[in-house]
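Subject: Structure handover

Hello,

Here is the structure for you to look through. My notes follow below it.

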Amino acid sequence: MSTSVISNTNATNTHAPKKFVVDTSAPVENAVFDQEAYVKFLNERIKVDGIIGNLGDAITITEEGNKVVVVSTAKFSGKYLKYLTKKYLKKNQLRDWIRFVSVKRNQYQLQFYSIDDEEEEDDE
């Protein structure tokens with residue numbers, strides 16, 4: 001009895017293109033967030049096949065107005081993008097004021113923490 005194994009090496013290394021969008025409009029408009037530095041940070045820190053900065057053609061990062069678009073044909077997740085974004089915010093001492101929020105599937109937004117509720121509780 002013979003069994004045939006069909007292996008496709010290209011199928012294991014490439015995935016369908018995923019598009020992740022990070023809306024940075026709120027912090028950019030208040031001039032507390034540098035979008036160009038964020039894109040540079042992502043370019044330097046994203047790992048592909050276990051190697052940092054090995055983007056090649058697998059991952060492209062572009063700026064479109066106040067949005068950062070990450071298109072990936074390699075293995076890449078929204079959790080990893082969130083992890084890197086939180087790391088960038090902590091590095092620039094912005095983590096206490098800005099948070100990374102999922103708006104829709106593969107769409108994220110940087111928002112300021114809402115402190116209005118806390119102020120109302122203090123007044124009472």
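**Two loop residues with positive phi**

Ala-31 sits in the loop between α2 (25–29) and α3. Helices here are DSSP runs of H or I with at least four residues, strands are runs of E with at least two, and both are numbered from the N terminus. Ala-31 is not a glycine, yet its phi is positive, at about 60°. Its relative accessibility is 66%, so Ala-31 counts as exposed. The classes are: buried, under 20% relative accessible area; exposed, over 50%; partly exposed, in between (1.4 Å probe, protein chains only).

Gln-93 is another non-glycine with a positive phi, at about 55°. Its place is the loop between α4 (78–91) and β6 (98–104). Gln-93 counts as exposed, because its relative accessibility is 64%.

**Ground rules**

This is a predicted model: local features need pLDDT of at least 70, side-chain atom pairs count only at pLDDT 80 or more, and totals for chains, interfaces and linings use all residues. Residues are numbered from 1 along each chain as its sequence is written, and side-chain values use heavy atoms, with hydrogens and water left out.

**The chain as a whole**

The protein chain has 5 helices and 7 strands. Along the sequence the pattern runs α-β-α-α-β-β-β-β-α-β-β-α. The chain has 124 residues, and 29% of them count as buried. Contact means heavy atoms within 4.5 Å. Among contacts in the chain with a separation of 6 or more, 57% are between residues 24 or more positions apart. The accessible surface comes to about 8800 Å². Carbon and sulfur atoms hold 46% of that surface. Accessible areas come from the Shrake-Rupley method with a 1.4 Å probe; for residues, only the protein chains shown count as cover.

**Buried residues**

What does Ile-46 touch, leaving aside its neighbours within four places in sequence? The list is Ile-51, Ile-52, Gly-53, Asn-54, Leu-55, Ile-59, Ile-61, Phe-76, Tyr-80 and Leu-84. Ile-46 lies in the loop between α3 and β2 (47–48). Ile-46 is buried, with a relative accessible area of 0%. Leu-84 is 38 residues from Ile-46 in sequence, but their C-alpha atoms are 7.9 Å apart in space.

Thr-85 belongs to helix α4. Thr-85 is buried as well, at 0% relative accessible area. Not counting residues up to four places away in sequence, Thr-85 touches Tyr-38, Phe-100 and Leu-110.

Thr-24 is in the loop between β1 (18–23) and α2. With 0% relative accessibility, Thr-24 counts as buried. Its contacts, not counting residues up to four places away in sequence, are Phe-33, Gln-35, Asn-66, Lys-67, Val-68 and Leu-110.

**The salt bridge**

How many salt bridges does a search of the whole structure find? The search finds 1. The term means a side-chain nitrogen of Lys or Arg within 4 Å of a carboxyl oxygen of Asp or Glu. Side chains of opposite charge can pair when their charged atoms come close. Here the side chains of Glu-44 and Lys-40 meet at 3.9 Å, N to O. Glu-44 and Lys-40 are 4 residues apart in helix α3, so about one helical turn separates them. Glu-44 is partly exposed, at 42% relative accessible area. Lys-40 counts as exposed, at 53% relative accessibility.

**Surface patches**

Patches are made of residues with over 30% relative accessible area and no salt bridge. Like charges are joined within 9 Å, and nonpolar side chains (Val, Leu, Ile, Met, Phe, Trp, Tyr) within 5 Å. Lys and Arg count as positive, Asp and Glu as negative; His and the chain ends are not counted. The place of a charge is NZ of Lys, CZ of Arg, CG of Asp or CD of Glu.

- Positive patch: Arg-45, Lys-47, Lys-87 and Lys-91 form it. Arg-45 is in helix α3 (residues 35–45). Arg-45 is partly exposed, with a relative accessible area of 32%.
- Nonpolar patch: Val-32, Trp-97 and Phe-112 form it, with about 290 Å² of accessible area together. Phe-112 is in strand β7 (residues 107–112). At 32% relative accessibility, Phe-112 counts as partly exposed.

Best wishes
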